[in-house]
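Visitor: I would like to go through this chain with you. Could we start with the structure itself and then take the details in turn?
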Amino acid sequence: MAGDITETGELYSPFIGLVYMFNLIVGTGALTMPKAFAGAGWLVSLILIIFLAFMSYMTTTFVVEAMAAANAQLRWKRWEKEEDSDSSESSESESLTHPDYNRAEVRPILSVQRRGLSDPFEIVERVEMGQMASMFFNKVGVNLFYICIIIYLYGDLAIYATAVPLSLVQVTCFTGNVSCGTRTGEKNITDPCWGSIRRIDAYRIYLTVFVVLLGPFTFFNVQKTKYLQILTSLMRWIAFIIMIVLALIRISEGKGDGHPPMAEVSGIRNLFGVCVYSFMCQHSLPSLITPVSKKKHLTGLVLLDYFLVLSFYSLLCFTAIFCFSSGALMDMYTLNFSGCDSLAPLFLGYFLGLFPVFTISTNFPIIAVTLRNNWKTLFHRDGGTYPWLVDRIVFPLITLVPPIIVAFCTTNLEVLVSVTGAYAGNGIQYIIPAFLVFCSRKDSALVYGPELSNKHCSPFRQSGWVWFVLCWALTCLIYVTANIILTDV
């Protein structure tokens, strides 16, 4: 029934899908991992990152299974509409909008095999997480889903708005007698920059310019182009490889200053949030997985991707913590190389220092528009449109103003990433996938019966794994919150 399937864009091979997924996972969060690694100790960090990679892989397979179940439900709805008379179409379409509609009154389950489609669970139509939430959750669950997504996107924007001016301060403010790797951060943000202008003043000037240049895009529609995506991915790869090679050279020459401890319990809170944020990809899986041409070994492909990402993160962090002392590691790792002519030629230092500026600046408008559209969806009015003032002014302003205020109030990038990952990231990466797969399994069993299995079913198909993920998410929330309270006290 190809004619009923919406356009999913150009298909690509499983190998290209693997590359795209790797690029999706490895982003800004990876730049904040080295400092978090050093703060928690190398052994604790290694154990935790391996476990969190496993947990993220598990919930990724949950989302893939839910995508397949959503495709199957959409097909069932179309089949019902084709066979129902015109007089019953309106009443049935209303009942099918809720995942708990009365399956006792629909066609017998065995009629599925007479539809002419051998496997209704084939993933051929892109179903975003918001649409899956509408299919499988009740109204309260849908609202909670969008609130979690919105909080996460706010955290994203605050991180981006902080990282860009922080990088520019590092590149353009030199005090002359300050050693490499200690020229930025909360501890010396009041140091001089240009004459009587302090570093914090320069930071706020750059932040203002950033908002003036990129903020207006929030009021319009922005689309990420293919070539822009290729350019940012290429810059990311070049930057990460340069940092790893430079750190390895310094360590091999015996100039490494890092002597990280094996374990430091006080640093686990930040490390957890940073790692969760750095493994985040679940919210973008539908757009990434659906165009893969051959999905026969999809689970193995995802496993391979997570193994590569885990290996890459470990290499990046271990070279960093043994190259630089814990006190010298910056919130954003690229800043350790900016202006460090003892580590790299001057042009490489500028490239690494400005790398987050270019890549993040291209992503900021896209994330802002995504957040604005999620606000509109949360307050969606059936059959109506928003007044021009609300649609074009109010929604963009409530999207842009809060993260900018946060960026003006703090330059602590590690804390922003940690809090975003520990709370909103926890919901997106653990809680939402667990409930999606739980509800989608109940839905599929009612519609298709237990004899027709989901070909994209997660390897963790026992319900105990779902409860394990939920218990882990709750434990992490309690631990992080208690740690924050006790630290503040």
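This is a predicted model: local features need pLDDT of at least 70, side-chain atom pairs count only at pLDDT 80 or more; totals for chains, interfaces and linings use all residues.

Visitor: Where is Ser293 found?

Guide: Ser293 is in the loop between helix 11 (285-289) and helix 12 (298-323).

Visitor: And which residues does Ser293 touch, leaving out those up to four places away in sequence?

Guide: With those neighbours left out, Ser293 touches Leu11, Tyr12, Ser13 and Pro14. Ser13 is 280 residues from Ser293 along the chain, yet their C-alpha atoms are separated by 5.5 Å.

Visitor: What share of the contacts in the chain with a separation of 6 or more comes from residues 24 or more positions apart?

Guide: Such residues account for 88% of those contacts.

Visitor: How many helices and strands are there in the chain?

Guide: The chain has 16 helices and two strands. Of its 489 residues, 53% count as buried. The accessible surface comes to about 21700 Å², and 66% of that belongs to carbon and sulfur atoms.

Visitor: What does Met132 touch, beyond residues up to four places away in sequence?

Guide: Met132 touches Val63, Ala66, Met67, Ala70, Val127, Phe137, Pro286 and Leu436.

Visitor: You mentioned helix 4. Is Ser45, which lies in that helix, buried or exposed?

Guide: Ser45 counts as buried because its relative accessibility is 0%, and the cut-off for buried is under 20%. Helix 4 itself covers residues 42-83. Apart from residues up to four places away in sequence, Ser45 touches Ala36, Phe37, Ala40 and Leu271.

Visitor: Now the rings. How many aromatic pairs are there?

Guide: The count comes to 27 aromatic pairs. One of them joins Tyr57 and Tyr306, which are edge-to-face at 6.0 Å centre to centre, with 70 degrees between the planes. Tyr57 lies in helix 4 and Tyr306 in helix 12, so this pair ties together parts that are 249 residues apart in sequence. Tyr57 is buried at 7% relative accessibility, and Tyr306 is buried at 3%.

Visitor: Why is the pair of Phe240 and Phe312 edge-to-face?

Guide: The planes of Phe240 and Phe312 are at 85 degrees, and planes over 60 degrees apart count as edge-to-face. Their ring centres are 5.3 Å apart. Phe240 lies in helix 9 (residues 226-252) and Phe312 in helix 12, so the pair ties together parts 72 residues apart in sequence. Phe240 is buried, with a relative accessible area of 2%, and Phe312 also counts as buried, at 11%.

Visitor: Which residues form the aromatic cluster?

Guide: One aromatic cluster is formed by Phe54, Tyr57, Phe279, Tyr306, Tyr313, Phe460, Trp465 and Phe468.

Visitor: Back to the outside, then. Which residues form the nonpolar patch on the surface?

Guide: Trp194, Ile205, Val209, Val212 and Leu213 form that patch, with about 460 Å² of accessible area together. Helix 8 (residues 199-214) supplies the largest share of the patch, four residues.

Visitor: Where is Val212 found?

Guide: Val212 is found in helix 8. Val212 counts as exposed because its relative accessibility is 55%, and exposed means over 50%.

Methods:
Residues are numbered from 1 along each chain as its sequence is written. Side-chain values use heavy atoms; hydrogens and water are left out. Patches are made of residues with over 30% relative accessible area and no salt bridge: like charges are joined within 9 Å, nonpolar side chains (Val, Leu, Ile, Met, Phe, Trp, Tyr) within 5 Å. Accessible areas come from the Shrake-Rupley method with a 1.4 Å probe; for residues, only the protein chains shown count as cover. A salt bridge is a side-chain nitrogen of Lys or Arg within 4 Å of a carboxyl oxygen of Asp or Glu. Buried means under 20% relative accessible area, exposed over 50%, partly exposed in between (1.4 Å probe, protein chains only). Contact means heavy atoms within 4.5 Å. Rings of Phe, Tyr and Trp (its six-membered ring) pair if their centres lie within 6.5 Å; planes under 30 degrees apart count as stacked, over 60 as edge-to-face and the rest as tilted.
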